[in-house]
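The entries follow in the order of looking.

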Amino acid sequence: MNLQFGLARREDTPLVLALALTDEKVLRDEFNDFHKLVIQLGFEMLILNFKEQEVVCSQPICIEFIDASKEPFDEAAVRERMKKMIGGADSQLFAAVLAKADRIQPFSKNQATLQVRRVGIGEKALPFLPELLRQSTNAYAQTVAQQFGSLLTSKAGVALLPYAKDGLNTKMALVFSDASAVQFKIPDPTFAVDLDVKGFKKVLDKSTDAESLWIYGAFLGIHVCEPEFNLVYLDVPVKYGVSKVVPATQKSVDEFPVVSEALKGAFVSAIEQMQKDKNTNEKVLKKCAL
Amino acid sequence: MRSIILSILFVVLATTLTAQAELVKVKGKGEIAYTTSHFKPGSADELATITEAKKDALKRYAADFDSARFELYKKIEPEMLANIDQYVTDYTQLDQQDDKVSKHYTVFIEASINSTAIENAIAKSSGVNAPAAASTATAKQDASYMTFVFVARELASRKDFDAKRTTVEINESSEAGAQKNKVAEDAQSAETSLDKSSVVKNTTGGNTETKAEDLTYRVTTVTEVDNAVNSVLTKASYEVVDPVDAGLDVESFKNDFSGGSDISPATRTAAIKNCKDKGINYIAIANMDVGLPEKDEATGLTRVYVTVTAKVSDLSPKFPKTVASIAGIPYAGLRSDPQVAKQNALNEAATRSASELVDQLRMKGVR
């Protein structure tokens, strides 16, 4: 992707549209007779104000690629798949950008904004995470915030500000393609969403000689508030389950994709609750609507 | 494969969007007690509550000012609150609460505050032209001239001295004894014995002399710093004179700051004399200590701190007096490249310290 736009007077345009790669995960798993590869890429489509060095608005984009092979995935194989994900007009990224391009726009002066402010990862979630994410829950929190934000903008069409990895340091450091780095301030949001991934759970639903049916559940807490005066609009637990059939011949189960699916279901349920709750819908979502 | 990357901007598309107005969003809360049996939406009470919320937003905005600016703001606060709609141009009502028991109505808003209008009001109240107008303003006949020397310095060498230890040792010894003679009863034989004791006294002491480290600085003047300071002072309507035109020997300032934290009496005397001869009433002198580059843990970028010590002297009285000063205020620059981080920190330090000095001068009515 290499789009170019001309400028009549470059000095008059402090606003710049940018696409930033904010999250990159390559998860490799080895099972009895095959190797599995999961590539998760998170992007933020941003409008940046270079004069004020501030993020004007953002739209999160998440894309995922899953592959399996009898041979292990080497670096070249991963690179090739990533290239397919992000390069060219038929790539996942291009399709995602096109789908969200109309939502990225400078806010009007009275536009209220929403931000995923905090993400908590509970201890009961850790056993289901790959080792890499268990060691770095901040990285997983970033993914959670981005996936929730991406779903929220798709389903509710709200003006969103990027998740700040470090809650105390509300700045976003961006390294540009020319290797220069600039730090942009993320403005204070009008409303905030705190997510608490309390944990995952699996229960055996049915079992026969041939297969077992497991239910994987994701347990989430969602808190929607106005942060300055601490006006709370929604504070509810949400849970969502997905089923997984495991053949008796299969010795081990890759559980992370299953709980991730359950978590996405919980996100959708949480967003539906936000929309169904009159208070949250009228006072938060409608005010943040683009 | 690379590890998780903090943030990489890999496609940048410039757009032809125009900048929005200089508005700052601040939240505010307004509350009133109503006397009617129930609160009526759209009533004068509701308008009064929103006005209170706007005033609260302005106060919250001003609470972030530094002390000198806040003092200037406090002088005109009543007037600004009385004309709140000039400064709060717009608002979004976030929420409202009607406590029917205590008959209190509360409204929460997000106000758009016109920061330029506030800056103009502060500038006007302190007797100088508004910044917007200042750039085109011509020099007034009775204007006070100001010159400044801002030097940046960073550690060039550091000589540490070993501690000098002086040891004193006194050894004293003494012997004491008694001789005993014993004669036998038959007087045919005699026995002589000697009891002897000796004492050795050893006293040690001394002192350790530690000499202060010998620091040498590399001192420079930076064009970007001069431009930043000039811009702040000019916008605040001070008539700025280039130090060279003022007859100041900038090299002697640099020499003085290369070894210490203050200028020598000779440099000061010469500078004051030159300024007085040329009718320049104010001189600002600042040294900016550039720290060593360090890694910012949050972003992974390079951070450089610049610490500013500055003083503005009024030369119009018989003896010069200090009218504004700042001491040891650190400013940080954050970039991927250490050189750019340093330049960024110097620019930030120059702009903000000059603004702080201007606020202090305005507070004292110096113009």
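How many residues does the largest nonpolar core have, and which have the most contacts inside it? The model is a predicted one. I found 51 residues in the largest core, and those with the most contacts inside it are Leu114(A), Phe148(A), Leu195(A), Phe200(A) and Ile222(A).

Next I looked up which elements of chain A give two or more residues to this core. They are strand 4 (114-124), strand 8 (191-207), strand 9 (211-226) and strand 10 (231-247), together with helix 4 (137-156), helix 5 (256-276) and helix 6 (278-288). Helix 5 of chain A gives the most, with ten residues.

I then took Phe200(A) and left aside its neighbours within four places in sequence. Phe200(A) is in contact with Lys124(A), Ala125(A), Phe128(A), Leu129(A), Tyr140(A), Gly217(A), Ala218(A), Val259(A) and Leu263(A).

I also noted a second, separate core of 39 residues, which includes Val56(A), Ala77(A), Ile104(A) and Ala164(A).

Then I turned to chain B. At what angle do helix 2 and helix 9 of chain B pack? Helix 2 (residues 67-82) and helix 9 (residues 338-363) pack at about 40°, and their axes are 8 Å apart. That angle makes helix 2 of chain B oblique to helix 9 of chain B. The crossing is left-handed.

I listed the contact residues last. Helix 2 of chain B uses Ala68(B), Arg69(B), Glu71(B), Leu72(B) and Lys75(B), while helix 9 of chain B uses Glu356(B), Asp359(B), Gln360(B), Arg362(B) and Met363(B). By class, I recorded six charged, three nonpolar and one polar residue in this contact.

Definitions and conventions: Residues numbered from 1 in each chain as written. Chains lettered and ligands numbered in written order. Predicted model: local features only at pLDDT ≥ 70, side-chain atom pairs only at ≥ 80, totals over all residues. Heavy atoms only, no water. Axes fitted to C-alpha atoms, helices over the stretch in contact; angles between N-to-C directions. Helix = DSSP H or I, 4+ residues; strand = E, 2+ residues; numbered from the N terminus. Parallel < 35°, antiparallel > 145°, perpendicular 65-115°, else oblique. Left-handed = near helix turned anticlockwise from the far one by under 90°. Contact = heavy atoms within 4.5 Å. Nonpolar A, V, L, I, M, F, W, Y, C, P; charged D, E, K, R; others polar. Core = buried A, V, L, I, M, F, W, Y, C linked by side-chain atoms within 4.5 Å. Buried < 20%, exposed > 50% of the residue type's maximum accessible area, 1.4 Å probe, protein only.
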